[in-house]
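Subject: Structure handover

Hi,

Here is the structure for you to look over.

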Amino acid sequence: MNKDLLELYSDYLLSSFSHTTATGLSRMSAGEVSHDKITRFLASEEMDSRALWRLVKPLARQVEGELDGVLIIDDTIEEKPYTDESELVCWHYDHSKGRSVKGINLISALYHVEGSEGGAFEPGACVPVAFELVKKSEWIFDQKKEKWRRRSPETKNEAYRRMLSACKDNRLKFRYVLSDVFYSASQNMSHIKEELKREFIMALKTNRKVALSLEDKRKGAYERIGSLELEQGAVLEVHLEQVSFPLFVLKQVFTNEDGSTGVLYLASSDPTLDYERMSTIYHRRWKVEEYHKSLKSHSSLAKSPTKTTRTQSNHIFCSIHAFVKLERMRIATKLNHFALRSRLCVKAVQAAFQELQRLRLADDEPMRA
């Protein structure tokens, strides 16, 4: 990996406010770096999750904390409706929209630590420590729809467990794994608790079946979690069929933006957590949504017209690296990502305004003559 070009390209992603192209970067550098050189850089060796860890390891070691460190794993889809379909740019089901969309599916492991008031990392730090791109390289025939469709040789849950194991192998200090409802498979729970020796807090679907005691579990007496009468502020011990340890469940009732009422069931493997503590820790899962938004809004994740699988995936790697740079600046300046980008925007407008004044003066010279 050419680190000089990586730094240059990621800086370009942060400072650009339109599409990011090799030609655009070459123009920005006044021709000192040719567009062919940037194109070759993006088409070079694959920049994968291991390479990301080597880059972010110093920052992770600087901020990590064994007691308050959490690992949040979630995925997002970067829509690319006008890009040619491939194993990387293909159709994925978007749960937020309730339909399939064409684009790139990025799975990230985001490490978050809370900062003490007045401390160096207040209000905390977010570091992406692993990522995977879903590649649907296999074709299968869908009997129900009577057509061929793409499939990944590895499920998202398999990628989830592999990423968690890699974070443990890298000796990253974290106590809890936070996930939404789509990663709450029994196998994932067992992997975290029994193999990684960590705790988790996950959301559960309302139709998930649980037993209220070990005796009920032995008898096969299960009931839907949505039918349980859980009081606000209470934590209930339950048992899942394929999980060997008890879970501790709570119910949150909240009001949506449209005024409707929503219900969220949370389950944890940690018997020491009460309602308030479990709710507070899980609320930190929102950091991954902020990370996804910053990638798209500030790190030019969606602004590259790259065409090949290699250049597309390497652009995403550079965008994640750009996010890490932005997070470093946030820690140093105490300004959030939006404020930092706003400052860059103001400087860009000022530079454009000054250039306009020079052009107008040059245009006025012949008229005065």
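R198 sits over the face of F174, 4.8 Å from the ring centre. (A charge counts as over a ring if NZ of Lys or CZ of Arg is within 6 Å of the ring centre and within 35 degrees of the ring normal.)

Before the rest, the ground rules. This is a predicted model: local features need pLDDT of at least 70, side-chain atom pairs count only at pLDDT 80 or more, and totals for chains, interfaces and linings use all residues. Residues are numbered from 1 along each chain as its sequence is written, and side-chain values use heavy atoms, with hydrogens and water left out.

**Rings**

Y160 and Y183 are a stacked pair, 5.0 Å centre to centre with 15° between the planes. Y160 is in helix α5 (residues 156–169) and Y183 is in the loop between β7 (176–179) and α6 (186–195), so the pair ties together parts 23 residues apart in sequence. Y9, Y12 and F41 form one aromatic cluster.

**Pockets**

A pocket is an open set of points on a 1 Å grid over the protein atoms alone, with protein on both sides within 12 Å along at least five of seven lines; lining residues have an atom within 4 Å of a point. Volume is the space filled by probe spheres set on the points, which are joined across faces, edges and corners.

The largest pocket has about 1,100 Å³ of space. Its lining has 31 residues, with D74, D180, R285, W286 and E289 nearest the centre.

The second largest pocket has about 690 Å³. Of its 22 lining residues, W91, H92, K136, R149 and R150 are closest to the centre. β6 gives the most to this lining, five residues.

**Cavity**

A cavity is a set of grid points where a 1.4 Å probe fits but cannot get out. The search finds one of 30 Å³ or more. The largest cavity has a volume of about 40 Å³. Helix α10 (residues 309–333) gives the largest share of its lining, three residues. Lining residues include E78, K80 and H315.

Best wishes

Methods
Helix = DSSP H or I, 4+ residues; strand = E, 2+ residues; numbered from the N terminus. Phe/Tyr/Trp six-rings, centres within 6.5 Å; stacked < 30°, edge-to-face > 60°.
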